[in-house]
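Have the sequence and the model open side by side. The text below goes from a pocket to the ligand in it, and then to a loop.

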Amino acid sequence: MRRSRPAVPQPGRYNSGMKTIVILISGRGSNMQAIVEAGLPVAAVIADRADAAGLAWAKSYGIATEVIEHGDFVVREDFDAALARAIDRHAPDLVVLAGFMRILTPEFVRRYQGRLLNIHPSLLPAFPGLHTHRRALEEGVKVHGCSVHFVTPELDHGPIVIQAAVPVRPGDTEEVLAARVLRQEHRIYPLALRWFFADRLVIDNGVVRVSGDDTRQSLFPEE
Ligand code: GRF
């Protein structure tokens with residue numbers, strides 16, 4: 001089945017002069033950690049809750065951190081505006097959502113159009129939204145995985161940069177499957193960001209291609 005094409009952020013090639021990343025997290029931050037440990041240029045980590053576990057790790061790594069508590073704002077627009085101000089203070093070239101659990105307003109998404117990436121724990125367009133591993137098990141799918149995609153106003157629907165697939169095995173629990181997928185998240189997110197910074201991502205009619213060598217956008221790890 002051919003899916004309808006989402007609104008595409010700034011078609012074309014991205015500028016290789018880009019230098020820094022701001023990462024947004026809500027919790028544990030293992031993807032953030034994978035990105036930092038891959039040597040990517042992270043200027044700051046911003047969380048929407050003070051108890052996000054990843055903040056302590058980022059601080060211990062000497063990375064600037066900030067909290068914009070979503071609970072301090074009555075309306076989503078005001079939270080997003082405060083978040084954008086915090087992000088823009090670091091003037092990043094790329095904003096990376098890494099387990100950031102807030103739905104963003106279309107205005108926020110437009111502001112960072114073409115330089116806002118997310119990782120989602122399913123093979124999109126299957127299982128957008130929450131509880132992807134539980135839903136995959138309930139549906140009885142035999143292959144599951146994760147996707148890095150550009151963010152568009154429609155939740156979990158932007159142009160897909162890279163996906164990794166994993167087998168779903170008889171007897172898998174939600175936790176076991178989540179861990180298997182997470183290992184692949186930690187591989188594909190740094191890879192996607194490297195492509196972005198190397199000016200290699202080209203979007204054509206909602207489809208992302210990678211220019212140059214080593215352009216494999218689908219990983220099928222052996223386990
Ligand atoms: C990951 O599974 C990510 O795909 C999803 O939320 C989870 C965050 O994990 N969006 P972590 O905070 O990166 O460890």
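Which helices and strands each supply at least two residues of the lining of the largest pocket? They are helix 1 (30-37), strand 6 (116-120), helix 5 (132-139) and helix 6 (174-197). Helices (H or I, at least four residues) and strands (E, at least two) are DSSP runs numbered from the N terminus. Helix 6 gives the most, with six residues.

The model is predicted, so local features need pLDDT of at least 70 and side-chain atom pairs count only at pLDDT 80 or more, while totals for chains, interfaces and linings use all residues. Residues are numbered from 1 along each chain as its sequence is written, and side-chain values use heavy atoms, with hydrogens and water left out.

A pocket is defined on a 1 Å grid over the protein atoms alone, as an open set of points where a 1.4 Å probe fits, with protein on both sides within 12 Å along at least five of seven lines; lining residues have an atom within 4 Å of a point. The largest pocket holds about 970 Å³ of space, a volume being the space filled by probe spheres set on the points, which are joined across faces, edges and corners. Of its 37 lining residues, G99, F100, M101, I119 and P121 are the closest to the centre. By class, the lining has 16 nonpolar, 14 polar and seven charged residues (Ala, Val, Leu, Ile, Met, Phe, Trp, Tyr, Cys and Pro count as nonpolar, Asp, Glu, Lys and Arg as charged, and the others, Gly among them, as polar).

The ligand sits in this pocket, in that more than half of its atoms lie within 2 Å of the grid points. Around the ligand are R28, G29, S30, N31, G99, I119, P121 and E185, each with a heavy atom within 4 Å of it. A polar side-chain atom of S30 is 2.5 Å from a ligand oxygen atom.

The loop between strand 6 and helix 5 contains P125 and F127. The peptide bond from L124 to P125 is cis, with omega near 10 degrees. F127 is not a glycine, yet has a positive phi of about 55 degrees.

Technical notes
A polar contact is a pair of N or O atoms within 3.5 Å; within protein, one must be able to donate a hydrogen and the other to accept it, and residues adjacent in sequence count only if both atoms are side-chain atoms.
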